[in-house]
Amino acid sequence: MSTAAEPAEQLLYRPEEAAKALRIGRSTVYEEIRLGRLQTVRIGRRRLVPPEYIQRYVELLKNEAQAA
């Protein structure tokens, strides 16, 4: 029986981590943020991406693919 605690679900991603999760480049993430397509939250000067915003972005991409 292991006594190690289960890792907590990640609540906020750095843009670089969001890029890795989405399998896209870091510069693409920053461009999508600049365009308002990928939303972020700010804590001080840091921009962070909650998982639900990543999911919303994926849904946006799926909707765009269906419309094309």
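User: Is E32 buried or exposed?

Analyst: This is a predicted model, and the values below are computed from it. Buried means under 20% relative accessible area. E32 has 10% relative accessibility, so E32 counts as buried.

User: Which residue forms a salt bridge with E32?

Analyst: Side chains of opposite charge can pair when their charged atoms come close. Here the partner of E32 is R37, and their closest N and O atoms are 2.5 Å apart. R37 is partly exposed, with a relative accessible area of 26%.

User: With which other residue does R37 form a salt bridge?

Analyst: R37 also forms one with E64, where the closest N and O atoms are again 2.5 Å apart. R37 sits in the loop between α2 and β1 while E64 belongs to helix α3, so this pair ties together parts that are 27 residues apart in sequence. E64 is partly exposed, at 36% relative accessible area. Through shared partners, the salt bridges join E32, R37 and E64 into one network.

User: How many salt bridges are there in the whole structure?

Analyst: The search finds six. One of them joins the side chains of E17 and R14, at 3.5 Å from N to O. E17 is partly exposed, with a relative accessible area of 25%, and R14 is also partly exposed, with 40%.

User: Back to the helix that holds E32. Which residues of α2 are buried?

Analyst: They are V29, E32 and I33. To read a helix, look down its axis and note where such residues point. These cover an arc of only 100 degrees around the axis, which puts them on the same side of α2. The face turned away from that buried side carries the exposed residues S27 and R34.

User: What do the buried residues of α2 pack against?

Analyst: They pack against α1, β2 and α3. Take I33 as a case: leaving aside neighbours within four places in sequence, I33 is in contact with L38, T40 and R47.

User: Which residues of α3 are buried?

Analyst: Y53, I54 and Y57 are the buried residues of α3. Seen down the helix axis, they fall within an arc of 105 degrees, so they line one face of α3. Their packing partners are α1, α2 and β1.

User: How many residues does α3 have, and what length does it reach?

Analyst: The way to read this is to compare the span with the one expected from the residue count. α3 has 17 residues and reaches 25 Å from its first C-alpha to its last, close to the 24 Å expected at 1.5 Å a residue.

User: Which residues make up the largest nonpolar core?

Analyst: That core has 11 residues. Among them are Y13, A18, A19 and L22, along with V29, I33 and L38. V49, Y53, I54 and Y57 also belong to it. The helices α1 (15-22), α2 (26-35) and α3 (51-67) each supply at least two residues of this core.

User: Where does T40 lie, and what does it touch?

Analyst: T40 lies in the loop between α2 and β1. At 19% relative accessibility, T40 counts as buried, because the cut-off is under 20%. Not counting residues up to four places away in sequence, T40 touches I33, R47, L48, V49 and Y53. With R47 there is also a polar contact from side chain to side chain, at 2.7 Å.

User: What is the phi of R23?

Analyst: Most residues other than glycine have a negative phi, and most peptide bonds are trans. Phi of R23 is near 60 degrees, a positive value in a residue other than glycine. R23 is found in the loop between α1 and α2. At 71% relative accessibility, R23 counts as exposed.

User: Where does I24 lie, and which residues does it touch?

Analyst: I24 lies in the loop between α1 and α2. I24 is partly exposed, with a relative accessible area of 30%. Leaving out residues up to four places away in sequence, I24 touches A19 and V29. Both A19 and V29 belong to the largest nonpolar core.

Definitions and conventions: Residues are numbered from 1 along each chain as its sequence is written. This is a predicted model: local features need pLDDT of at least 70, side-chain atom pairs count only at pLDDT 80 or more; totals for chains, interfaces and linings use all residues. Side-chain values use heavy atoms; hydrogens and water are left out. A nonpolar core is a set of buried Ala, Val, Leu, Ile, Met, Phe, Trp, Tyr and Cys residues joined through side-chain atoms within 4.5 Å. Buried means under 20% relative accessible area, exposed over 50%, partly exposed in between (1.4 Å probe, protein chains only). Helices (H or I, at least four residues) and strands (E, at least two) are DSSP runs, numbered from the N terminus. Contact means heavy atoms within 4.5 Å. The arc is that of the directions from the helix axis to the C-beta atoms. The expected span of a helix is 1.5 Å times one less than its number of residues. A salt bridge is a side-chain nitrogen of Lys or Arg within 4 Å of a carboxyl oxygen of Asp or Glu. A polar contact is a pair of N or O atoms within 3.5 Å; within protein, one must be able to donate a hydrogen and the other to accept it, and residues adjacent in sequence count only if both atoms are side-chain atoms.
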